[in-house]
Amino acid sequence: MYSHASESLIKQAREIQESELQKFYSRLMKMLQGKDLGHDTVDSLQRLHLILSATKYTRTLPLELQKRFVALLSSPAEQHQVLSAAVLRETLPLTGQELNYYQDNLGQLNSHAAGLLLSQAVSKGDLSSLCTQLLRNLESRPSEGPTHSLMHTLPVLNNVLTHSPECLSEDQMTLVSKKLVDWLRYASVMQGVGTSSGGFFTGPRSRQPVPIAELDGSVSGDFFTVLCVGQGFTEDQWMNVYSFSMLRHWLLTYHSSCSTVDADDRSEVDGSVVSMVSATSSSSRLLPPKERLREKAFQYCQRLIEQSDRKAHKKTDTELQKACLVEAVCILDCVCVEDASLVYRTFPCIKALFGRLSSELSYARVLLPIAQFYLNHGEMAAVDCENVWKVVFGRFPTELFNDPFLAHELLRFLRLNLESIELRVPQYTRYFPNLLKFLAWDSPAMVDDFVDLLPSMVTTGTAVELLHTLLDLPCLSATLVLQHRSTCLPISEPVGRSFVSLDAFRNPSFRGLFLFVLRTEAGSGDTIDRLSTLHELLVEAADWPRVTQCARTVPVLLHVFFNTIVTIADEKLLAHLILVMLERSSLLLNIPAYIKEIHRVFSCHLLRLCKLHPSLVVNQSHELLEFAGSTANVYSKEELYTHVVWVLGEYLSVSCDSRCSVSLITSCFEALEAVLFEITSSAPPTGSVCPAPKVINTLMSALAKLASRSHDLIPRVSLFLSKLRTVTRSGSVAWCSDEEDLVAIVTRGEELWSLLKAPGVAQSVLTPPPHVIAPQWHRDTNVALPLQLRALTSLTHSQ
């Protein structure tokens, strides 16, 4: 971890004796009393910080030295501020009296001193005291205290609000609201005096006040905002910037608290006048402080939106415009939530802003707050929001799927507003093929979001297509990679490595396949006929990092999908999904680990669906028998095949569905018997391993269960089981390579053979009635077990 020299220094710091430490304190005290704090002082401060931080025990500085460090917090040198704050932070937490001393004796408040005060405040009372001191700074005139101190007050106050918003009293909230109004709306419109470079032209004329300018260079004709520029800025202009930066937090923190009205305001303004003034934005000085702040925030954001339409000369200023637009729209949303009458005044501006920016992809992150505004207030204003959702759900994922910041913000927008979106934007579920592009491109970063979002996309109308889309998610990932490469690599440019899939992507004859995978909306079909062709074209993508990462997330999402669908689907839809599972088990992108995991997920949920609705087995008996009757599935889909056979043997019964006939049981028996005979009569195909004992045991058990329900089939099962025992006595067999596995198979066969000798017993054991499978004897008052349990309980809990 550390170098030898570093470890030596840390060891020395930990082992320093108390006497040496006191001498060191004395030397440091003398250094701090001097006027010139040179390199020796800085080195000593660094050494003291190492001594204090290298041990787990917290030390206390001598009181006089502690006061010196408090004074050093106000040093003009930031290095001294940092070191003094770091040293004081390592000492014991201050008592209330000491904390008050810190607050009263700080020459000026800076970010390091503020951080120290926050770290040492251990109770709500300490924070309240700190707030009082901060607000005292706000009330002071510029001439009464250091200018720099006032500029750090709002950021520190904002941090206090984050940790403990209840620290402010009603009067303090009123004071802050009034000060925010003054700084936001009435800051100076003249530039501050910049730092002079000296020279011949330095003089009174060069320091004449100059009006602030807009980002396009023109002279500003309105009040100062964060988007105004100049050679220098006055204190109230800096406070304007700080006020805007904390305005949204302030509104969100205190929007539910009651507005405080001054006594004079109460006598002059009644409720009807307040509502009228709020609607017309006139006579705002008559409003209570909170409503007045809301009105000024509205005006400030309107001006920012107007300023953002100006052509900035610098790229950094353009980015600043975007950031301010995001904040301005969010603040407008906040004030409209607080005061619904502002919605009608705000919407024309928001609508015009959307019209101006909707075609600019570079403003995508600005359009999300606009979408939030439409979502919250579009219904009230009776505005058509269709174009907004086409941009957000349609164009953004299509063209900006590889923008991680936009992806994160869009998915966060969906998660935070999911209930409202489901209620007010019914077309949202139609865009799931497009939204899944974010997941296909960057699966590890997005999977948590889609675990939360996927249930909202599952409906009876989208279920089948969504299941196909999830299974084809690795194909979508590969196609997005190809699309990205196709735009980055012109066709005429030679490439060091030839990609067959890239050529196929550019080939017009295969264009339809890739366009379906890249479709924007659902509804054009559940899947495509030439799915196997698509998998062949993408065979080289199986080892691409994005594709393999995407493949790992599909099983997780499939579990979410099936857990949701069982709560909303009827038996008809579930039967269709079983068909999709059987069909798609052989139509997956050739990634062995992916295929195996998908078969495992299918197996798990096939059992669950059939257990919830046993009649599904009779409804889909033809397809299930067709799957179970294929010997090839034993070797290529072992997990799924085993569960299909178990489902047939378990639920193909009159007790589960009265439609289950003898002929159906017989046809199922014959199909499974043929497979079992084939795999136990010959060696496995070339390139395949021997079938697992679980498969053979499940087949034998299913045959025995079916025979116990149709006694005419018992001789056939018994004959096979007796032959099996005879064949295995002669030694090893080609279809089982492990001797222990063979013994287990034979033992299972003998158990079944013994059971079938008594058909009545066999049916009770192999297909027990429900009350035997899930007994509740401890609740049945007709048996003695409840009485025994109560007696035991009273004995064990006796006093």
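Figure 1. Helices here are DSSP runs of H or I with at least four residues, strands are runs of E with at least two, and both are numbered from the N terminus. What you're looking at is a predicted model, where local features need pLDDT of at least 70, side-chain atom pairs count only at pLDDT 80 or more, and totals for chains, interfaces and linings use all residues. Residue numbers start from 1 along each chain as its sequence is written, and side-chain values use heavy atoms, with hydrogens and water left out. Of the 799 residues in the chain, 49% are buried (under 20% relative accessible area with a 1.4 Å probe, protein chains only; exposed is over 50%, and partly exposed is in between). Take the contacts (heavy atoms within 4.5 Å) with a separation of 6 or more, and 74% of them join residues 24 or more positions apart.

**Figure 2. Helix H37, residues 693-709.** From first C-alpha to last, the 17 residues of H37 reach 25 Å, close to the expected 24 Å (1.5 Å times one less than the number of residues). H37 is largely enclosed by the rest of the structure, because 15 of its 17 residues are buried.

**Figure 3. The largest pocket, about 550 Å³ in volume.** Its lining has 21 residues, and the closest to the pocket centre are Arg248, Cys330, Gln372, Arg412 and Leu416. Two or more lining residues come from each of H12 (235-254), H16 (315-338), H18 (364-381) and H20 (404-416). H16 gives the largest share, seven residues. Sort the lining by class and you get eleven nonpolar, four polar and six charged residues (nonpolar is Ala, Val, Leu, Ile, Met, Phe, Trp, Tyr, Cys and Pro; charged is Asp, Glu, Lys and Arg; polar is the others, Gly among them). A pocket is an open set of points on a 1 Å grid over the protein atoms alone, with protein on both sides within 12 Å along at least five of seven lines, and lining residues have an atom within 4 Å of a point. Grid points are joined across faces, edges and corners, and the volume is the space filled by probe spheres set on them.

**Figure 4. Gln133 in helix H8 (residues 124-139).** Gln133 has 14% relative accessibility, so it counts as buried. Thr153 is 20 residues away from Gln133 in sequence, with 9.5 Å between their C-alphas.

**Figure 5. Ala382, in the loop between H18 and H19 (386-399).** Ala382 isn't a glycine, yet it has a positive phi of about 55°. Ala382 is also exposed, at 71% relative accessible area.

Key
On a 1 Å grid over the protein atoms alone, a cavity is a set of points where a 1.4 Å probe fits but cannot get out, and a pocket is an open set with protein on both sides within 12 Å along at least five of seven lines; lining residues have an atom within 4 Å of a point.
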